[in-house]
Structures are given as C-alpha cells and as structure tokens.
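Biologist: Please show me the model, and I will ask what stands behind each term you use for it.

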Amino acid sequence: MFLVWLMAVPLLGAIAALAAPDRAAKGIAAITSVLTLLGYAGLLFISRASINWAWIPEWGIRFHLVADGLSLFLLGLSSVLLVVAVFASHKDAGRTYYFWLLLLGFSTAGLFAAVDLFVFYVFWEVLLIPVFFLLTGWSGERGKKAAMKWLIMNLVGSFFMLVGVVALAVIHSQNGGGLTFEISQLSHMSMSSPVASWLFFAFLVAFAIKAPLWPLHGWMPETYRESEPPVTAIISGVLSKAGIYGILRVMIPIFMPQFREYQMWLLIVATIGLLYGAFMALRQTDMKMVTAYGSLSHMAMMALGIFSLTQAGILGTTFYMVAHGLLVGGLFLVLGLLERRTGTRAMADMAGLNRSAPRLAAYFLFFVLGTLGLPGLPGFAGEYMIIQGLFVSHVVFAVIAGFVLIVAAWYMLRVFQAVMQGPARTSGIKDLFSGQVAWLVPLAGLVILLGVWPAGITSHAVPSLYHAMNLALGKGGVR
Amino acid sequence: MQGLVEILVLPLLGAATITAFKGLMPKKLPGIWASLLVAVSFLLSILADRRVATLSGSHHVITGVLWNWVTGFGAAIHFRLYLDPLSAVWLLIITGVGALIHIYSIGYMHDDAGQPRFFAYLNFFIFSMLLLVLAGNLIVLLIGWALVGLASYLLIGFWYERPTAVAAAKKAFVMNTLGDVGILLGLALLYIHYHGVGYPHLFQAFSQAKPGSAFFEWSAFLLYVGAMAKSAQFPLHMWLADAMEGPTPVSALIHAATMVTAGVYLMTRLYPLLRLAPITHELIGAIGAFTAIFAASVAFFQQDIKKVLAYSTLSQLGYMFLGIGVSAYTASVFHFMTHAFFKACLFLAAGSVIHGLSGEQDLGQMGGLARKMPWTMASFLAATLAISGIPPFSGYFSKEAILGQAYNSGHYFLWGIGVFTAGMTAFYMFRLFFLTFLGKPRNQKLHDHAHEAPLVMTIPVVILGVLAVVGGAFGGWLNGWLKPAFALYPGAAHAALESGPLFGTIVTVALAVVAFIVAFLLYVRRDTAPKAGTEQAPGHWMLHAWGMDLVWMAIVVNPLKLVGQAMGAVERTILAGVTGLAAGVQSWATDLAPIQTGYVRRYALSIMVGGVALLAYYLIRIGFIS
Amino acid sequence: MIPLNDVVGLAAVIFAVGAVGVLVRKNPLVMFMAAEMMWNAAALVFVAYARSFHAMTGQVMAFIIIGTAAAEVGIGLAIIVSVYHHRHRLDIDEVSQLKG
C-alpha cells in the first residue's frame, strides 16, 4: 500500500500545485514531498512491499511494482532528494515548476519499483517529459539548447531500449513461454548468442546514456551546467542512478553470458571513463563542471563494480548508488546556494569566502569530502567494495580505481580551496539562512549514518541481489 | 570493551559541542572544555591500561564489536575496537601529550579569532587518532587513518587565508590519500585471501603461513605505502615540511608526536605480516635509514625554526622505521615515546619563542633569547640533548636500542648510517639551539619585545622537558609491558630491547659530542650567520631538500597534466559529435517541415491516395487483382 | 429484391462523387456535404451486406455511422460558422496557417 502512496501522493500533489496559485505552490510541494517521504518510511517497516495489477492482459503486461532490497533504497534516495530539492528551490519558481518537479518524483518512484519490463519502459519515457520542461522552462536560451541535446540523446537511448524490450517479449513468446514482460520470467529463457548480444548492447546503450557513461556522456556537461541546482541535483543524484539501476535490474539477470563474454571490453571502457572524468574534472574552471565530471568518473566506478561480476563489486555498486546520490545531490545544491550568492560559477572569481560564510563552507567541505571518498563517509564504503570486487576479477582495474581516488581528492579539494580559502578578494557573502540549514542538517546526518553503518543498506540489499544473481548463476554466474 | 567507547567519544563530544555552541561560549571556554575532555580521556586511558595489565593469561586484550560495519559479501566486517599493550602505549601518549598540547594551545591561540574552530579540530584529531589505534581491524583503522588525515588537513590550513597554508594542506591531503589507497588495496588483498580483516583473525592465519610468497610481499608493501605516506618516509615526505604552515601546537601534536607515528604503529601492529614478507621488511629498514640521513642533511641549513624541527622529525621517523626494519619493535615504540616527549617539547618551546617574537620564525632574526626566556630555553636544551642522544637523556636510550639491534642483527650498513645521522642530528639541533638562544641578538627590536610565555604555555613545555630528560627510564617498563603483545604471534623474536656493542655506543656519543663542539665553535664562538653555507652547491641543495619537489613535478604532476590535456581534446570531439547530432536532427526536421502545407485539401488527397494504395496492395495480395 | 451488387455499385458511385467533391470544391460547406455523402455510402454498404448475410451487426454499424456523422456535422458546422465570423469568406485554402 505504501508503494501506491509513494506514487499517488506526488501525482496528486503535482495536480494540486498546478491548480493552486503561484505563491502556494511551494508549500503544497513541500507538504507533498514530506508526505511522500513519510510513506517511504512506512515502506521500510514492511518486507518486500509489492503491487501486481493486470494492466494489458492481452499482451501479458502487468502493473507490477516491488520494493525489494535492490529498489528499496533507491526509492528512498529519490524521496529524500525530492524533499531536499523542493526545499532548496526558489520560493517564486512558480506552480508549473513544482508541478514538473513532483511529476518527476512520481515517475522516478515508478521507475525504481517496476519489475515488469514494459512498465519500466513506460516510466523511463514518462521521466523525459518533466525533466525536459524543467530544463527548458527555468533557464535561458542555452538551457533550451542543453535540453534539446538531453532529449535527443535520451530518446535515442530509449529507442534502443524499446527495441530490446519488445524483442525480449517476442522471443519469450516464440519460445513457447507466452507473452510476458516480467523480468524474472524473461531471465529464464534461452536466446541464440548473436541475438542476445545485439539486445545486450541495445540495453547497454540506453542505460549508458542515462547514467551517463563514457563515451555517451555528450549531453552531460551542458545539461548540468545550465539547469537549476535542484534539477541538477535530481538529475545527477537520482536519474543517473536509473541508468546503473537498469543495468542491475534488467541486464544482470537476463544477459549474464554476454557480461562474461564482453567483460574485458566493458571493464576497459569503464576504466577509460573513470580516468577521463577525473582528469577532465581536474581541468575545469567552473565549479559546477568539476562536480559534473567528477560525477562522470564516479558513474564509471559504479559501472566497474557491476562489470567486475563479483558479489562485492555488485553489492558495492548498489550501496554506492545511494551514497553517491545523496552526496552529489547535496554538493550540487550547496554549489547552487553559492552561485545564488556570488552570481558566478567560475572558481577564478571567488576566493576566501570561508570568512564571510563559515557555515556554508563547512557544508561544502562536508559534501566535498564525501564525494572524494573519505573513509567514514558512505562514498568510501561503496568504493571499497567495488575495488575489492575488481581485485577479485582483475587486479589492474583495482589499482587504477585506487589511483583515481587520489585524483579525486585532488580535484575536489581544488574546488573547495579555490572558492573558500585563500585571501578574500571579493566582498563577503551572506552565510546560510536557518531555513537552508534545516534541510542540510538532516541530509548530512543521513550521509554520516550511511558512512558509519553501511550494513544498514547492504544487509537488506543482499537477499534480492543474490536472488538476481542466482538467476544469473545458471548462465555463468558471478564470483 | 569496558571504557574504550568513552575514551573515544569524549573528544568527539568536545568537537561537536564546540562546533555547535561556539557562538554561545565565552572566549576562553572552548579551550578549557577541549582540554578537560582530553584530560579525562587520558585518565580513562590509564584505567583502561590498568585493566589490560590485570587481564589473565597471555592475551591482555580488550576487544568488542560495536556494530556490523558491512555485511553481504563474504565475512561481515565489524566495527571493532581492540586494546592491547601496544595500542595502550599509543593511547597514553595521544591523550597525555595531547592534553598537554591542548592546555598549551589555550595560551598560544588566545588572541586568534578562530580559537573555537581550532579546539574543535584539535579534539576531532584526538578522536580520530584514538580511533586509529583502538581499531580492531584494518577497516576501522583505515577510517581513523583517513580522519586524522582530514584533521591534519584542516589544521595545516587553519589560517586559510594564507595561500601557502592552503597549498600545503592540499599537498598533505593528496599525499595522504595516496597512503590511504595503499592501505585500502592492501587490506582488500588480505580480505580476499583470508575472508576477514580483524587483527586476531589475520594474525592467527599469518602464524601458520610460510614466509616468502608474493602475496605477502604485496600486501605488506601496500600497507607499508600507507605507513610511508602518513609517516613521511622518502619519497612521500614532502608534505611534512610544508605542513609547518599550521599553528605550532598542531605541528607539535600532529606532525611530530602522534599522527606521523601512525605508520610506526601500523608496521609494529603488523609484525606477524612482516615476518612473512622479508623483502618488504628489509625495504622498510633501508628506506627508514635513508629517510633519516636524507632529512638530517636537509635540516642542516634551514632558516626557519620550524623547518629544522620538521626535518628532524622526518629523520627521527626514519630511525623508528629503521628499528622496524631490523625487528627492533620495542625499541621503535620506545623511540616513538621518547620522541613524542622531546619533539613535542621542542615544538612547543619553539612555539613559545615564535609567540614571544610576535610570529617571527626566521632564525636570522633570533639569537640571545636565553635570558629573556629561561624556562623555555631550559626545556629546549633538555630536549635538544635528548634528541642528540647524549646520555643520560631519553633519546640516548631509545636510539641506542634501535642502533644496537641494527648492529646485532647484522645490518651493519644501516647501523653505520644511523650512527652517522646521530652525529648530524646533534649538529643541526645544537645549531638551532645556539642560533635561537645564544649569541648576540640579530634583531634588536624583536629581542627587546621578547618575553617569556605565560604559565599556561610554560608549564606543559616544562613537563615535557622533564619527560624528555627522564623518559629513558621507561625503557625497562616498556619492555615488560609490550612482552605479551609481541609474544602472541610469531615474528617478534627480537622485539625486546637489546643493547648493542660498547664501541658502537662510544662512537655514537663521541660523534654527538664532536658535532656539539663544532656547532658551538661555529655558531657561538664565531657567531656565523644562519645563512652561511647555503650559497654553493651542497648547501644550496640541502636547503632546498635536494630538489625533490621539482622531481615530483617532473615525473608525476606534469605527465598527469599532459594526460589531462589530451583528454580535453577528446572531450571537444565528443561534445562536437553531440552538437552535430542535435544540429542534424534539427536540419532534418527543417527539411521535412514544408510537407505540412496547411492546405486541407492536399491532406485529404494524401489520405485518399494512401487509402487507395493500401487497398490496392491488399487486393493484389489476396489475388483479387492479378 | 434489389441485387446486392447493384446496391454496392450505387454506394461506390456515391462514395466516388463524395470523394471528388471533397477534393475539388473549395467551399467548406460543400466539402462537408460531399463528406456526408461518403459517410452515407459506407452506411449503405453496411446495410446492404447486413441484409444479405442476415446479420444485425451491419445495421448497428449503420446507426453508429449516422450518429457519428450527426456529431461531426455539429462540430464541423460550428467551426465553419466561427471561421466565417472571423473572415467573412468561406474558402478552405485560405485557412492554412497551420503549416511547417
């Protein structure tokens, strides 16, 4: 029932926000998002909530949503970031803004919970609409351009995925299994190797574009740069995880032999992305771009965890998705606060802001440290598990991943120090308001909790993860 | 578990309360509150150590799991604490010396606006360091390890408006991250092999293993990389000299007494692994000896009072690693202890000098301060004698123990380096002492305003000075105290303190005395300026640490920048591709748009034609029209 | 009893006349009437076959067609009237703003 809540509340809230006058919109959105989060909290107390309604019986499509260990914490991530994004948004952003934002919350919840491939695809597409309008509506001409790029690349990806989805269902029915889109059933079927390879890459392209993974990240720099901070936070924190989640949820159970076959290539490409993002981050002069490219590198880290095809690596990715979502979301929001105060994103135009805004600097540093993987914060736990997984599968990649952690420390501190430290050149800025601290504190608290107690997530994620991997075990399996 | 959590939590509580309520606190309260908490932690540590001592059997270990850190793949990794005689020594030094330095800081930082922040960081450091030594497995150790790195970063960059401090802080953090990654990889390797990272679990497994396999060499080496970075062993040593940008109490606490010895702790803790990795074990000793003599040579002509002490710290850390390399574990711990006393004393005394001269650190501006600052001078002298290895001061005993064992175990070359370095140490330390406190004042104006530090600063300095004098007496106690820790697993047969050959002692002491005399003649009799000897080749290179910064730039930083540039070119191509894709779609759409004419009748015609065509197709298919 | 072929032939003729009318005339009212002829041709075919096959579904379809056609007339006329109000002329080729 909480699952219905999790989707119905944002949907109703979105409609209410649209109907309400502009000045009431933020209040409605805030209430809605908090209610959603409360519903999510209810979800934590029941094991494996699910709804399973017939939708289009003729085609074997069922509206089947499950909150298992794999999706449960991503649902949490999207609920938390929705609340934070709403609170961090402009009060006068207007009702349509909040309408799209809440609609985005609705579609991500559906996406993460879907275990019917068709439903998954539908939400995958639905998601494009609010993001597109959020990108175009609240930024200038360059924002519109960025939105077009984003939409076109994602549509190309969706097209590949649609082909894959339909093909899987058709093959399943041709094998005599009847028409179904249920992932757990599709994973049992046998496919001829070339067909499976083609479908494997179709799905991979779709997910890699969304994440984004190198070299399909072309939409990323402009989109991250031009969008409003709360939107950036949700795109980088939640939507990017949808790509990785898709690989875990859809591809691991179905395409294990292909993962085995192409593992070396996948690892190499992901490693290139890992290094690439890190080095690009080191070169940037715009503080938002450093974070964007750093995030590209971290997405590659998650992909590496999956491609290691080990328990540790995949579990690490599952954890790291949530951790990174909270951290990078928080970081983008803090950068947004900073940008709103200084009116610039260029690091060269800022220095020594710590003096006038110590609290802002403290939260900035906190999220910087989290993203660079400081042990004790959750990024580290995820990276540790991923690196251990890589160690088991191919040592070289573990060493490179370790090296990238050093570069990460370098580029993240570079931003922090350029902005906050050094002799102050400009006039000071206002420190955080108490209203802003009010959403930063719980977010930071959650991050610390995950950092010292990763088992809170991993112990829950394990059963469903092993379920997914056991499905795969028959086809080569994971170590 | 009894009492460990409290020891750990108190400093964290301090950091949290000061951060949260610093606006409400009166000016002096943060310092007092922070010092109090660390002092209580110290008392609790003594109690905990007594409990360790009274435990029955040979184990002498208090351990317990707080919660599961991570579960799900292989064996669960716990958040485990662990106190044995070895960590107990560190516990006492961290909280004891830490408390003294906290108290000293009340005076030193009294007019700094960032005082609450300073004490919050300092308390956070104590917490992290305690976590490091109380860790019951390598993961928790790594968390503490990284958090001390963070504390060090925050405190080096404490005066964040100084560009040099900011740069130094970043350098320290990045180099320490390199070490963290080393430990991370090393412990991942061990976990995969042994399905656990807890000390007893690993050491039990090591006990049954045969030495010499590549696996042990690699895991030991990777963990040693971590120790190298934290303890500033060559070639990862550069950050420590730059770290002197932080406030002097920080240099005393973090960059001399405690944090930089974490590598010594780790290596001592892992002695069962070192038994299995003979090559790495030898390497540790060799690099330690090299670091010792290298840093001593750099300390020779430094102009900055803190730089001399920084390089001498490096040099002494080299000794400790030399001791580890020759299996003189107790001696290394002993040297860590005496070093904590005399080096903290030196740094704090130097801090008093800097404080008395309103921030001046240049030796060229000092001189003749003995009468102005008698207590500081006396403590500094005691500590100088200790570090120079003059009997019966504390440094003599610990250094002798390391060198003696190096000789006994047949490492004659390392022994020779150690003995020679001892002479160098005596020279540069007395140079420092003479230039600061004796001779004629080189800056009369500063000299006139110089004053002895307030009591709150002097008392800790004097206490540490006394400890630097008598610290050697703890050797026997330490030997007995650590015996159970080193008896538990094989690999520490020669851990106990041994005395070396008599002639070795004589040579070492004689060299130190000669160095003292030379320094006296040069800097007191002839009153040579501190700059002398730095214009020509060896002196110049020694002053600039043999150009290691340039070497790093050339072989690491610049190539990485080149790679970054190459990737930038690739990125432009990718972005151009996406822009091209978007433009292509757009122009395609523009080309197709005229089909939509707006004339309804044309649409109708199209529909009609289409309908007829479809109809015709199906009629042909069913054979209606042949 | 009129042969089925004749009725279907008649319907075809009516449909063709209607189709030509829609395509060649410019007055929307006339186009409308022509379209109506096409509807009725279709309805006629349904009724004819329904009678021939003794099945009621065809009759039902005829009623649906009549109903739909009536609705279409309602909406269509309304649009035409408002266009006329707007432009005071009725030429379908002038209403061509919606183009790419």
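Modeller: One term is needed before the rest: two residues are in contact if their C-beta atoms, placed from the backbone, lie within 7 Å. The model is a predicted one.

Biologist: Why is B:L66 called partly exposed?

Modeller: A residue is buried at 20 or more C-beta neighbours within 10 Å and exposed at 12 or fewer. B:L66 has 17 inside 10 Å, so B:L66 counts as partly exposed.

Biologist: How do you know that the buried residues of α7(B) line one face of the helix?

Modeller: The buried residues in helix α7 (residues 199-208) of chain B are B:Y199, B:L202 and B:F206. Seen down the axis of α7(B), they fall within an arc of 75 degrees, so they line one face. An α-helix has 3.6 residues a turn, so residues three or four places apart point the same way.

Biologist: What do these buried residues of α7(B) pack against?

Modeller: They pack against β2 (77-83), α6 and α12 (271-276) of chain B.

Biologist: Which chains have the most contacts between them?

Modeller: Among the 2 pairs of chains that touch, chains A and B have the most contacts. This contact takes 42 residues from chain B and 49 residues from chain A. On the chain B side, the elements that give two or more residues are β1 (62-70), α5 (138-156), α6 (163-194) and α24 (548-592). The largest share, 15 residues, comes from α6(B). That side of chain B divides into 30 nonpolar, 8 polar and 4 charged residues.

Biologist: What does chain C touch, and how many residues take part?

Modeller: The contact of chains B and C takes 12 residues from chain B and 10 residues from chain C. The chain B residues there divide into 8 nonpolar, 3 polar and 1 charged. No contact joins chain A and chain C, whose closest C-alpha atoms lie 19 Å apart.

Biologist: What makes β2(A) a mostly covered strand?

Modeller: In strand β2 (residues 61-67) of chain A, 6 of the 7 residues are buried.

Biologist: How many bridges pair β1(A) with β2(A), and in which sense?

Modeller: Two strands pair at two bridges or more; β1 (residues 49-56) of chain A and β2(A) have 7, in the antiparallel sense. A:W53 stands opposite A:F63 in β2(A). The hairpin has 4 residues between the strands, and A:G60 takes a positive phi near 70 degrees.

Note on methods:
Residues are numbered from 1 along each chain as its sequence is written. Chains are lettered from A and ligands numbered from 1 in the order in which they are written. This is a predicted model: local features need pLDDT of at least 70, side-chain atom pairs count only at pLDDT 80 or more; totals for chains, interfaces and linings use all residues. Ala, Val, Leu, Ile, Met, Phe, Trp, Tyr, Cys and Pro count as nonpolar, Asp, Glu, Lys and Arg as charged, and the others, Gly among them, as polar. The arc is that of the directions from the helix axis to the C-beta atoms.
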